[in-house]
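Dear colleague,

I am handing over the structure below, and I would be glad if you could look through it alongside the notes that follow.

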Amino acid sequence: MALIEQQGQLCGVFPFHRDRWGRLRSVGYQLNDYHGLVMRQGAEIDAMQLLRACDARYFAFDHMPLTQTAFAPHIGLEAHSPVMELEGGIEAYRRRLSARSAKGSAGIFQSVGNARRRLERQVGPLRLEMACKDPHAYQRLLDLKSRQFISTTGGNPLEMPWMRGALDDVFACDEGGFGGMLSVLYAGDHMVALHLGMRHAGQCHVWFITYDPDFSAYSPGLLLLMGMAEAAQAHGFSLLDLGRGSQPYKARFQTSSIPLGEGAVSRPAWVAHAAMAKAARKRWLKTTILGQVWRAGKRWFHRAGH
C-alpha cells in the first residue's frame, strides 16, 4: 500500500497487489468492482509519479471510475457499472425504468410477477430476508456459487484462501455505516436464491448472487433482485449497484450507470499501449459470432467434464 501526503498531511492511499514480476494490480482485483485511489476530495496526483514511487513499471485496471482523474489519460476503453435508482420507492423506480426503456417497465415487472406467482403456487409462499445473519445460509451461498463456477469455468476461485477469507470478512462485517449483507429468498422452506453484497451510505453493491438450479425455471435470481429493490426503501437504500458486466438481466433492471475506464500505466508507455490493443481485440472477439460460439463450446466442455 502506498501512502500519499501533501504538505505533510496524509491525503490518500493506493492499495495494490504486486506480482512476482513487479507488476501492480488493484488490491483484490478478482473481487474488487472498483479500482484506484482512496483520496481526499480535491487532492491530486500524477499516475506516472505514483508508479515510480511504488517502484513499479506497470499497473493495469479495468474497473476504474472516470472520476479518478489521475488515471484518465491512461484509459483506453470505457465500460459501465449498471445501477438501479430506487429513491422514492419501487414505483419511482418503475417510472425511471419506463423513461429509460422504449419498451417501458412492463416487461420485466410482468415476467417477474408471473414467475413469482408460479413459484408460490407450485413450491410455497415467498419470503425475503434482506439482512440474514445465518451462517448456514452463508454456507449455502458458497456451495451454490462454487457449483456455478465449476460448471461455467471448470475451476472454483472460492477455494483460494485469500478470496474465501475476504468473503468471510465481508459477511461478518457490521460497522454501522458499512457492512456485508446477505439476502435470502425463500419459497416455503427452500432457499431458492441468495446474495452477498456490501452496504454503505444508502447504497447496496450487488456482488455475489446465485440460486438453486433446481428452481431455475422460476428465474429465482431475478425474483431476488426485484425483492431487494422492493425492500430497499425500508432498509435505507436508494441505489443498487449491479457491478460491471453485460449480462442481459443488468440491462433490463438498470436505470442508469456509473462510467468506468479500462487501461494501464507503464514505464515505458508503449507497454501499456500494446496491452490495450490486445484488450481491444479480445473485446471485439466477444462481440462476434465466432466469440459467442467459442464461449458456448467452452461452457459445454466444462459441463460435460463434470
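**The cavity and its lining**

The lining residues of the largest cavity divide into eight nonpolar, no polar and no charged, where Ala, Val, Leu, Ile, Met, Phe, Trp, Tyr, Cys and Pro count as nonpolar, Asp, Glu, Lys and Arg as charged, and the others, Gly among them, as polar. This is a predicted model, in which local features need pLDDT of at least 70 and side-chain atom pairs count only at pLDDT 80 or more, while totals for chains, interfaces and linings use all residues. Residues are numbered from 1 along each chain as its sequence is written, and side-chain values use heavy atoms, with hydrogens and water left out.

The lining consists of Phe14, Leu24, Ala47, Leu50, Leu51, Phe59, Phe71 and Val265 (a cavity being a set of points on a 1 Å grid over the protein atoms alone where a 1.4 Å probe fits but cannot get out, and lining residues having an atom within 4 Å of a point). Helix 1 (residues 47–53) gives the most to this lining, with three residues; helices are DSSP runs of H or I with at least four residues, and strands are runs of E with at least two.

**Histidine 35**

Histidine 35 lies in the loop between strand 4 (24–26) and strand 5 (38–39), and it counts as buried because its relative accessibility is 4%, buried meaning under 20% with a 1.4 Å probe and protein chains only. Leaving aside residues up to four places away in sequence, histidine 35 touches Ser26, Tyr29, Phe61, Asp62, His63, Met64, Pro65 and Gln68 (contact means heavy atoms within 4.5 Å).

With best regards

Terms used
Buried means under 20% relative accessible area, exposed over 50%, partly exposed in between (1.4 Å probe, protein chains only). On a 1 Å grid over the protein atoms alone, a cavity is a set of points where a 1.4 Å probe fits but cannot get out, and a pocket is an open set with protein on both sides within 12 Å along at least five of seven lines; lining residues have an atom within 4 Å of a point.
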